[in-house]
Amino acid sequence: MNTYRVAIVGTGGIAAVHAANLARTDNRAQLVAACDVDEARLRVFCDEHGISGRYGTLTELLAEAKPDIVHLCTPPMMHIDQAIECLESGAHVLSEKPPALSLADFDRLETAQAKGGAEFSCVFQHRFGDASAAARKLIGGAGFGRPLVARCDTLWYRPDEYFELPWRGTWKAEGGGPTMGHGIHQFDLLLHLLGPWEEVVAIASRQARATSTEDLSAALVRFENGATATVINSLLSPRETSDIRIDCEFATIELSHLYGYGTKDWTITAAPGHEQDVTGAWEAETLERGSGHSAQFLAMYDALDAGLPLPAGADSARQTLEFAAAIYASAFTGRPVRRGDIVPGHPFYDGMDGDGLGTRVLAATATHA
């Protein structure tokens, strides 16, 4: 097993999560450098985590520290350009969500990956717990049967003070509201479990928060395998939960947690007459490791060791980003959106706001004074 030289760009709150989880990878990673425009914050972060390489710009970091992997922990509007610079230099990228603010920007990654010979991956850590791997394997199999009905809820609460940072709650800097910045983790897991989506019908509104984006979205989704799901993304819910429920022919799979799960957060219920098969299939799986950043980091290192594509790589991350774009496109046009509809020339290809359509629709319907 190789040890990889890792750098972190951006030293805010999420960077501390990355650093702490890198320390739990059994020496598979060496945190060699960090970068931030705020010198004082950079100094405190590097002192706390024992990082010797300290840089004010990404360009300097790449040239001097020569990391194998760069973790992007910067605000959303910076992700894509920084990812491209890293990839072109030959450094692999692990980017916090969202991977880009539009499909048009995201599609620039293909050229960058080819130029530098490096790969892009997005932080979708909920994919990597043992229970999610077991559920993905069993859904559609003989024991659980094909998936029929599902729901996916990100019911979180963010008060007005949360949006005092000037880039939050804006199309230009964050790319959207809870659909892009919060619910994306949970519906990424839903897509990971159920496979390609086919069509979305959605609504989005600004119910209570003084933002330019939505603070609530709700979607009805049809999948290629025939399953139907509802997806709700909210920042208005005082009792916060993150929930997925998938009803298959012979079993119901439920996950209820908040910001990360363990095996105990999953519940499996068998249909009458199928108790033995369902319970036996679930208990036969390895069910030890919960979700989290370190689980994804280790999966990334294993893929690099084996010369395999990175997990949560560009192709699957694009499916999740396209799903978010489809929610916005359907919500603001009032029409269903099919996977593959949003291509160059489509108003929602270049931005989740649909060239200002979202802003106009939300302004006309907002209940927030």
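How much space lies in the largest pocket? About 1,000 Å³. This is a predicted model, so local features need pLDDT of at least 70 and side-chain atom pairs count only at pLDDT 80 or more, while totals for chains, interfaces and linings use all residues. Residues are numbered from 1 along each chain as its sequence is written, and side-chain values use heavy atoms, with hydrogens and water left out.

**Pockets**

- A pocket here is an open set of points on a 1 Å grid over the protein atoms alone, where a 1.4 Å probe fits and protein lies on both sides within 12 Å along at least five of seven lines; lining residues have an atom within 4 Å of a point.
- Volume is the space filled by probe spheres set on the points, which are joined across faces, edges and corners.
- The largest pocket is lined by 39 residues, and I14, C73, T74, W167 and R168 are the closest to its centre.
- Helix 1 and helix 4 (79–89) each put at least two residues into that lining; helices are DSSP runs of H or I with at least four residues, strands are E runs of at least two, and both are numbered from the N terminus.
- By class, the lining of the largest pocket splits into 16 nonpolar, 16 polar and 7 charged residues (Ala, Val, Leu, Ile, Met, Phe, Trp, Tyr, Cys and Pro count as nonpolar, Asp, Glu, Lys and Arg as charged, and the others, Gly among them, as polar).
- The second largest pocket holds about 180 Å³, and its lining is F106, D107, L109, E110, Q113, A314, D315 and R318.

**Helix pairs**

- Helix 1 (residues 13–22) and helix 12 (residues 293–306) have axes that come within 9 Å and cross at roughly 60°; axes are lines fitted to C-alpha atoms over the stretch in contact, with angles from 0 to 180 degrees between N-to-C directions.
- On the helix 1 side, I14, V17, H18, N21 and L22 meet H293, S294, F297 and Y301 of helix 12, where contact means heavy atoms within 4.5 Å.
- The contact of helix 1 with helix 12 has 5 nonpolar, 4 polar and no charged residues.
- Over at helix 10 (residues 184–194), the axis comes within 10 Å of that of helix 13, crossing at roughly 115°.
- There, I184, F187, D188 and L191 of helix 10 meet Q319, T320, F323 and A324 of helix 13, a contact made of 5 nonpolar, 2 polar and 1 charged residue.

- Most residues other than glycine have a negative phi, and most peptide bonds are trans.
- N27, in the loop between helix 1 and strand 2 (29–35), has a positive phi near 65°.
- K97 and P98 are joined by a cis peptide bond with omega about -15°, and P98 sits in the loop between strand 5 (92–95) and helix 5 (103–106).
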